[in-house]
Amino acid sequence: MIIDIITLFDGMCETVLSESIIGRARRRGDIEIECVNLREFGEGRHRQVDDRPYGGGYGMLMKAEPIFRCYEHQVHKRGMTPYVIYLSPRGRTLHHGVVKELAEKEYLLLLCGHYEGVDQRVIDKIVDEELSIGDFVLTGGELPALVLADAVCRLCDGVLSDPAAHEEESHASGLLEYPQYTMPPVWQGMEVPPVLRSGDHGAVDRWRKKQSLKLTASRRPDLLRHYPLTEVDKRLLEEED
């Protein structure tokens, strides 16, 4: 997997993506990520990347030409055409299904907007899809790009130590994840559920599935409406805790 991020704040992106699991995967060569500073492709002596929008309005708009030059530079460097995503609050909302789709791509290029956004013409020219991480507005596209890069990379081969590690997590199975506990068995008067200390793996699996179903029904019933409930699942949902 190759991911390029076009940004005005490459240091910010690099700091996050150099740490923890993603940072280790980059150093091993399991994934390749480059944070490209758009300012290097700016116009004139001051490397201008923004200007006032036609029609007036508040703030500045990112210019088309510097973004296009940066895009062409990365295409030439990689020797392949990326799937280009513009992080935007007007885009399709990111969810696990979208992440799985994108993890199948060979090369992603993420465009981070700033100021009042990006000249529509460069969006029309190079962008394949606009994505949003939620119904709110941020100061720039860097945080959404980091969220997307992290979510996609952890599905790539070699990034997680156990390839099955992500399969039971919230949303991966279509349900929210069950509660988890560690030592000590009693903390501030609160006890770990006895079934988890029973050594009965079948009972543990049943308890976990029941908790996932009940949490999803309580907190995200919209997810449960699309989940293929079995007869066993229905009985688990009806059981008292």
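A crossing is right-handed if the near helix is turned clockwise from the far one by less than a right angle. The model discussed here is predicted.

Q: In which hand does α1 pass α6?
A: Helix α1 covers residues 10–17 and helix α6 covers residues 142–153, and their axes lie 10 Å apart. With the near helix turned clockwise from the far one, the crossing of α1 with α6 is right-handed.

Q: Are α1 and α6 roughly parallel or roughly antiparallel to each other?
A: The two helices, α1 and α6, pack at an angle of about 30 degrees. Angles under 35 degrees count as roughly parallel, and α1 and α6 are therefore roughly parallel.

Q: How many nonpolar residues has the contact of α1 with α6?
A: From α1, Met-12, Cys-13, Val-16 and Leu-17 meet Glu-142, Leu-143, Leu-146 and Ala-149 of α6. By class, this contact has one charged residue, no polar ones, and a nonpolar count of seven.

Q: Which strands stand at the edges of the open sheet?
A: Five strands, paired in parallel, form the open sheet in the order β2-β1-β6-β5-β7. A strand with a single partner has one side left without a neighbour in the sheet, so the edges belong to β2 (32–37) and β7 (129–132).

Q: Which residue in β2 stands opposite Thr-7?
A: Strand β1 (residues 2–7) runs parallel to β2 and is joined to β2 by six bridges. Opposite Thr-7, the residue in β2 is Asn-37.

Notes. Residues numbered from 1 in each chain as written. Predicted model: local features only at pLDDT ≥ 70, side-chain atom pairs only at ≥ 80, totals over all residues. Heavy atoms only, no water. Axes fitted to C-alpha atoms, helices over the stretch in contact; angles between N-to-C directions. Helix = DSSP H or I, 4+ residues; strand = E, 2+ residues; numbered from the N terminus. Parallel < 35°, antiparallel > 145°, perpendicular 65-115°, else oblique. Contact = heavy atoms within 4.5 Å. Nonpolar A, V, L, I, M, F, W, Y, C, P; charged D, E, K, R; others polar. Pairing = 2+ DSSP bridges.
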